[in-house]
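Please examine the sequence and the structure shown below before reading on.

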Amino acid sequence: MPGPSSPAATLVGRFLVAAPSMPDERFQKSVVFICKHDDDGALGIIVNNKVDDLPLGQVYKQLGIEVPKRVADGPVLFGGPVETSRGLVLHSADYKRDETLLIDGGMALTASLEILKDMAGGTGPKNAWLALGHSGWAPGQLDREMQDNAWLVVDGDADLVFDADLAAKWQRALDRLGRGGPGAKFDLASLSPQSGRA
């Protein structure tokens, strides 16, 4: 009998899209890519929220790593409210280290200084985001939030994860729920007003 960590129940490799009724202001209009979901809880990275006034180059400078200007100007993601001083790199699976967590759909997660050095030197993954912090849920917590209609689940893919237009991601993720085919906009009014709690 499949348990909560079975492939049928796991949200790994999918997006949690904050419903308009999301009660937690830290997650309003957020798109979270789920990297881990099992009996021990869940871990994800918000992929549409950046750390204000912190370009990637500043992080590299603090670490003493030289980077080309095209890399230095990139944003650093706010991955979530858990361990906000810890950096995690969400990246394409063409790059792997011993500590890398491989995720369904050709994605991976690595937390090491070495991946940042490789990214600076041009030998890192093809696509990557450095995120400070992550989103985490204790065992059963995410399931309760799902029952409370705080989140909508959308299939994940690298194109949306690595899209540089952060401001458009929430709507683009919602549009995937629409029934009108490619290019159709999702109508927020179609969601039940009963979703979520006041």
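Two strands are said to pair if DSSP finds at least two bridges between them. Helices (H or I, at least four residues) and strands (E, at least two) are DSSP runs, numbered from the N terminus. This is a predicted model, in which local features need pLDDT of at least 70 and side-chain atom pairs count only at pLDDT 80 or more, while totals for chains, interfaces and linings use all residues. Residues are numbered from 1 along each chain as its sequence is written, and side-chain values use heavy atoms, with hydrogens and water left out.

Confidence is considered first. The pLDDT, the predictor's confidence in each residue from 0 to 100, has a mean of 87 for the protein, and 86% of the residues reach 70 or more. Where pLDDT is low, predicted coordinates should not be read in detail.

Strand 3 comes next. Strand 2 (residues 31–38) and strand 3 run antiparallel and are joined by 6 bridges; 2 residues lie between them in a hairpin. Val32 has Ile46 of strand 3 as its bridge partner. Strand 3 is also joined to strand 9 (residues 128–137), by 3 bridges in an antiparallel arrangement, with Leu43 opposite Gly136 of strand 9.

In a regular strand the side chains alternate between the two faces of the sheet. Because 6 of the 6 residues of strand 3 (residues 41–46) are buried, the strand is largely enclosed by the rest of the structure.

Strand 9 also contributes to the lining of the largest pocket, where its 3 residues are the largest share. Helix 1 (56–63), helix 2, helix 3 (113–121) and strand 9 each supply at least two residues of this lining.

Technical notes. Buried means under 20% relative accessible area, exposed over 50%, partly exposed in between (1.4 Å probe, protein chains only).
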